[in-house]
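Let's take a walk through this structure together. Have a look at it first, and then we'll go through it piece by piece.

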Amino acid sequence: MKNGASEVHILLVEDNPGDVRLTIEALRDGRISNQVSVAHDGEEALDFLRRRGKHADAGRPHLVLLDLNLPKKDGREVLQEVKADSELHRIPVIVLTTSSADQDVLLSYDLHANCYIKKPIEYHDFMDAIRGLENFWTKIVRLPPV
Ligand SMILES: [Mg+2]
């Protein structure tokens, strides 16, 4: 495989069940061998990435899809912690959010987000965006070995 692994493991950090469902649906359409894990809030995302608590056996993801507005710990804080952590900072983080505020775009890049995507509202546009990012990040990009 292009990325030296049998599958690409994606951690989806998203609290909205509808967006979780749609994102997984779009990812499954595109490439059957993706492994998708879901964290429903910011604390769970960091527990997963740091293999704590119920995520002690978690595999390290190749990519993180990160919502910004999350319960318990905000996505902005998660991004900051990931990019400040020498064990995690290479993992590409794709911000995927309903916010189109310039301050969120600027803050995300200041915190070293690898890209910023405003979630499209319309179903087909949303699916196209997820398939497009999947194609780019799993087929075109060479990811760092985990
Ligand atoms: Mg949210």
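**A walk from the tail to the sheet**

Valine 141 counts as partly exposed because it has 15 C-beta neighbours inside 10 Å. Here a residue is buried if 20 or more other C-beta atoms lie within 10 Å of its own, exposed if 12 or fewer, and partly exposed in between, with C-beta atoms placed from the backbone. You'll find valine 141 in the segment after α5.

Before going on, a word about what you're looking at. Residues are numbered from 1 along each chain as its sequence is written. This is a predicted model, where local features need pLDDT of at least 70 and side-chain atom pairs count only at pLDDT 80 or more, while totals for chains, interfaces and linings use all residues. As for pLDDT, it is the predictor's confidence in each residue, from 0 to 100. The protein has a mean pLDDT of 91, and 93% of its residues reach 70 or more. Confidence is lowest in helix α1 (residues 17-30), with a mean of 88, and highest in α3, at 98. Names like these come from DSSP runs numbered from the N terminus: helices are H or I, at least four residues, and strands are E, at least two.

Now for the sheet. Five strands make an open sheet in the order β2-β1-β3-β4-β5, and the pairing is parallel. Two strands pair if DSSP finds at least two bridges between them. β2 and β5 stand at the edges with a single partner strand each, so one side of each has no neighbour in the sheet.

Let's look at β1 (9-13). Four of its five residues are buried, so β1 is largely enclosed by the rest of the structure. Five bridges join β1 to the parallel strand β2, where alanine 39 is the bridge partner of valine 13. β1 is also joined to β3, again running parallel, by four bridges, and leucine 11 stands opposite valine 64 in β3. Further along, β4 and β5 pair in the parallel sense over four bridges, with leucine 96 opposite isoleucine 117 in β5.

What packs around these strands? The largest nonpolar core has 30 residues, and those with the most contacts inside it include Val13, Val64 and Val93. Such a core is a set of buried Ala, Val, Leu, Ile, Met, Phe, Trp, Tyr and Cys residues joined through C-beta atoms within 7 Å. β1, α2 (42-49), β3 (63-66), α3 (75-83), β4 (93-97) and α5 are the elements that give two or more residues to this core.

α2 is mostly covered, with six of its eight residues buried; what covers them includes β1, β2 (35-39) and α3. After α2 comes arginine 51, with a positive phi near 55 degrees. In α3, the buried residues are Gly75, Arg76, Val78, Leu79 and Val82. They cover an arc of only 160 degrees around the axis (taken from the directions from the helix axis to the C-beta atoms), which puts them on the same side of α3.

Finally, is isoleucine 121 buried or exposed? Isoleucine 121 is exposed, because it has 8 other C-beta atoms within 10 Å. Its place is in the loop between β5 (115-118) and α5 (123-140).

Methods. Contact = placed C-beta atoms within 7 Å.
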